[in-house]
Amino acid sequence: MIVTADVHPGIPAATPAPAGRSETENSALWVMPAAPETAPVLRRLLRRTMSRWEVAEETGDAVALVVTELVGNAVRHSGSTDVAVLLARHQDRIVVQVKDTGRWLPRPPCAEADSEEACGGRGLQLVRAYTTHCTVTSGPSGTLVVAELPATPDTGRTA
């Protein structure tokens, strides 16, 4: 099952803007199976959405990388049947929310994340390197990750 919704301008995202922050200008929602083939599909959808919202290509690339890492974590570790991605464009930032409904599975044995022999465990470090804010909230109904990136307008576009 794939659900896609392009929410019209002015409709707020799931989390309100903090005091002094801009309101939501645009948002989009995708609910897809928690499967490996979901990440490339989401990357294409995200890039099209970022282009339509006239966000700089480098910002779109960063958003695609962040979502790929977060969705990859949900696919590999949560046991969830689906994953939801909410993307919201504010005047000064992009907010990404990735939600799964699973319970995190035990990690396979491998080297520590900061070891050169590690087989994984660097995804959230990478996400935090690209974002200005990132929170992870886990509970009985799943995990929600909220990440914010600065929104850079695409100044190279012509009208």
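I worked on a predicted model, where local features need pLDDT of at least 70, side-chain atom pairs count only at pLDDT 80 or more, and totals for chains, interfaces and linings use all residues. Residues are numbered from 1 along each chain as its sequence is written, and side-chain values use heavy atoms, with hydrogens and water left out.

Helix pair. I looked up α1 (residues 38–52) and α2 (residues 57–77), which pack at about 155 degrees with axes 9 Å apart. Helices here are DSSP runs of H or I, at least four residues, numbered from the N terminus. Axes are lines fitted to C-alpha atoms over the stretch in contact, and angles run from 0 to 180 degrees between N-to-C directions. The pair is therefore roughly antiparallel (over 145 degrees).

Contact. I listed the α1 side as T38, A39, L42, R43, L46, R47 and M50. The α2 side is G60, D61, V63, A64, V67, T68 and V71. Contact means heavy atoms within 4.5 Å.

T38. I found T38 buried at 3% relative accessibility (buried means under 20% relative accessible area, with a 1.4 Å probe and protein chains only). Leaving aside neighbours within four places in sequence, T38 touches M32, P33, V71 and V83.

L42. I checked L42, also in α1. L42 is buried, at 2%. Leaving aside neighbours within four places in sequence, its contacts are W30, M32, V67, V71 and V85. I noted that L42 and M32 sit ten residues apart in sequence and 8.8 Å apart in space, C-alpha to C-alpha.

Methods
Helix = DSSP H or I, 4+ residues; strand = E, 2+ residues; numbered from the N terminus. Parallel < 35°, antiparallel > 145°, perpendicular 65-115°, else oblique. Buried < 20%, exposed > 50% of the residue type's maximum accessible area, 1.4 Å probe, protein only.
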